[in-house]
Amino acid sequence: MTRILLIRHGHTELLGKVLYGRMPGVHLSAQGKEEIQRLAIALKERYALDEILSSPLDRATETAEAIAALQQHPLTYDADIQEIDYGEWMGRSFGQLFAEEEWKRYSRLRSLSRAPGGEFLMQVQYRAWSALERAIERHSGKPEATIAMVSHGDVVRGLLLLFLGMPLDHIHRLEISTASVSEVLLGGSHPHVIKVNQTF
């Protein structure tokens, strides 16, 4: 049995203002640093992690490093769990995007639409699951393992939709807050989603 902890990075100053996606140099805010300290302590009290998998983007690595420091565990970086590629929309304000019909379609129909020059959510699901599958295989010799994956909101939502067997167009039905944990057990006849969007 493998326990997967799907963790969203902490708060950033651009959150809700700009679609920053894969922009470099987006770091945790003061609020985000407080969030991840509470998160790291809570995880230390509850879990002994066998692996900490991190997106290579700054805000995710800063979150993962705080967790790793208390767990005294090295990080594994995997680009397959980084943020969605938003193509031409990256760096634009939400105020600009909300006025565009293409954005409205994207928000309504995630299964069949994508940002111009970007990637589909199904591609994100596939690459993120591939990264988790590799991590699970690395611990296949253990009867039980706990893997923490530090990533981004829509990556976490995409995996939860996969585990729950929900359509991609239902992505907005899942709230995934900054510095939140969603817990999934894998290894039985089907995935068991134990917790969604737990914050500390």
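Let me start with helix α1, residues 30-46. At 1.5 Å a residue, its 17 residues should span 24 Å, and the end C-alpha atoms are 25 Å apart, so the two agree. The expected span here is 1.5 Å times one less than the number of residues. Helices are DSSP runs of H or I with at least four residues, strands are runs of E with at least two, and both are numbered from the N terminus.

This is a predicted model: local features need pLDDT of at least 70, side-chain atom pairs count only at pLDDT 80 or more, and totals for chains, interfaces and linings use all residues. Residues are numbered from 1 along each chain as its sequence is written, and side-chain values use heavy atoms, with hydrogens and water left out.

Which residues of α1 are buried? They are Gly 32, Glu 35, Ile 36, Leu 39, Ala 40, Ala 42 and Leu 43. Buried means under 20% relative accessible area, exposed over 50%, and partly exposed in between, with a 1.4 Å probe and protein chains only. These α1 residues pack against β1 (2-8), α2 (58-71) and β5 (181-186).

Next, α2. Its 14 residues should span 20 Å at 1.5 Å a residue, and its end C-alpha atoms are 20 Å apart, which agrees. Its buried residues include Arg 59, Thr 61, Ile 67 and Gln 71. The buried residues of α2 pack against β1, α1, β2 (51-54), β3 (75-77) and β4 (145-151). Just after α2, Gln 72 takes a positive phi of about 50°.

Now a loop residue. Asp 78 is found between β3 and α3 (94-97). Is Asp 78 buried or exposed? It counts as buried, because its relative accessibility is 11%. Its side chain reaches the backbone nitrogen of Asp 80 at 2.8 Å, and it makes a polar contact with the side chain of Arg 134, also at 2.8 Å. A polar contact is a pair of N or O atoms within 3.5 Å; within protein, one must be able to donate a hydrogen and the other to accept it, and residues adjacent in sequence count only if both atoms are side-chain atoms. Leaving aside neighbours within four places in sequence, Asp 78 is in contact (heavy atoms within 4.5 Å) with Leu 53, Ser 54, Ser 55, Pro 56, Ala 131 and Arg 134.
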